[in-house]
Amino acid sequence: WVTKLLGLDELATRDDLRSGVLLCRLVKECVSPTLIGRFHANAPAGSFLANDNVTAFLRACTKIGVPDVSLLETADIVEPNKSVHSDRKVGVCVLSFARLAHEK
């Protein structure tokens, strides 16, 4: 879904999400170009700038109504090895975002 929506040449992987860039692009594409504002388009995965991007995505999720229980924590993406359940949390959050964005 992410790959098709954003016009990527190859399948988006978890590593592609680690910089937060694709998440920010999803918000701009699916909900509103102004909801997320500017983001760090060249943020390296795992960096402070990646943290900012993921935080911006989470703020957008909250604004469109993603329930708190469905939100991931920044570390779930930026530092994925810190939590055993981080893959599941990322999936739940992105799917919750997708469902609500589709309804908007």
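Is Cys-93 buried or exposed, and at what relative accessibility? In this predicted model, Cys-93 counts as buried, because its relative accessibility is 0% and the cut-off for a buried residue lies under 20% relative accessible area.

Helix α3 comprises residues 21-30 and helix α4 comprises residues 48-64. The two pack with their axes 8 Å apart and at an angle of about 30°, which makes α3 roughly parallel to α4, since angles under 35 degrees are counted in that class. The crossing of α3 and α4 is left-handed. On the α3 side the contact is formed by Val-21, Leu-23, Cys-24 and Val-27, while on the α4 side Asn-53, Val-54, Ala-56, Phe-57 and Ala-60 take part. When the residues of this contact of α3 with α4 are divided by class, 8 are nonpolar, 1 is polar and none is charged.

Helix α3 also packs against α6, with an angle of about 15° between the two and a distance of 11 Å between their axes; α3 is therefore roughly parallel to α6. The crossing of α3 and α6 is right-handed, whereas that of α3 and α4 is left-handed. Here Leu-23, Leu-26, Val-27 and Cys-30 of α3 meet Val-94, Phe-97 and Ala-101 of α6, and the contact of α3 with α6 contains 7 nonpolar residues, with no polar and no charged ones.

The remaining pairing described here is that of α4 with α6, for which the angle is about 45° and the axes lie 10 Å apart. This angle makes α4 oblique to α6, and the crossing of the two helices is left-handed. Phe-57, Leu-58, Cys-61 and Ile-64 are the α4 residues of the contact, and Cys-93, Phe-97, Leu-100 and Ala-101 are those contributed by α6. By class, the residues of the contact of α4 with α6 comprise 8 nonpolar, no polar and no charged.

Within α3, the buried residues are Val-21, Leu-22, Leu-23, Cys-24, Leu-26 and Val-27. What covers these buried residues includes α1 (2-6), α2 (14-17), α4, α5 (74-78) and α6. Val-27, which is placed in helix α3, illustrates this setting: Val-27 counts as buried because its relative accessibility is 0%. With neighbours within four places in sequence left aside, Val-27 is in contact with Ser-32, Leu-35, Ile-36, Phe-57, Ala-60 and Phe-97. Between Val-27 and Gly-7, which are 20 residues apart in sequence, the C-alpha to C-alpha separation is 14 Å.

As regards the cysteines, the count of disulfides comes to 0. Cys-24 is in no disulfide, the nearest cysteine sulfur being that of Cys-61 at 10.0 Å, and Cys-24 counts as buried because its relative accessibility is 0%. Cys-93 likewise is in no disulfide, and the nearest cysteine sulfur to it is that of Cys-61, 4.2 Å away; a disulfide would require the two sulfur atoms to lie within 2.5 Å.

Two arginines are partly exposed rather than buried. Arg-99 lies in helix α6, which spans residues 86-103, and is classed as partly exposed because its relative accessible area is 44%. The C-alpha atoms of Arg-99 and Asn-51, which are 48 residues apart along the chain, are separated by 24 Å. Arg-14 is found in helix α2 and, at a relative accessibility of 27%, counts as partly exposed. Although Arg-14 and Val-78 are 64 residues apart along the chain, their C-alpha atoms are separated by 9.9 Å.

Technical notes:
Residues are numbered from 1 along each chain as its sequence is written. This is a predicted model: local features need pLDDT of at least 70, side-chain atom pairs count only at pLDDT 80 or more; totals for chains, interfaces and linings use all residues. Side-chain values use heavy atoms; hydrogens and water are left out. Axes are lines fitted to C-alpha atoms, for helices over the stretch in contact, and angles run from 0 to 180 degrees between N-to-C directions. Helices (H or I, at least four residues) and strands (E, at least two) are DSSP runs, numbered from the N terminus. Angles under 35 degrees count as roughly parallel, over 145 as roughly antiparallel, 65 to 115 as roughly perpendicular and the rest as oblique. A crossing is left-handed if the near helix is turned anticlockwise from the far one by less than a right angle, and right-handed if clockwise. Contact means heavy atoms within 4.5 Å. Ala, Val, Leu, Ile, Met, Phe, Trp, Tyr, Cys and Pro count as nonpolar, Asp, Glu, Lys and Arg as charged, and the others, Gly among them, as polar. Buried means under 20% relative accessible area, exposed over 50%, partly exposed in between (1.4 Å probe, protein chains only).
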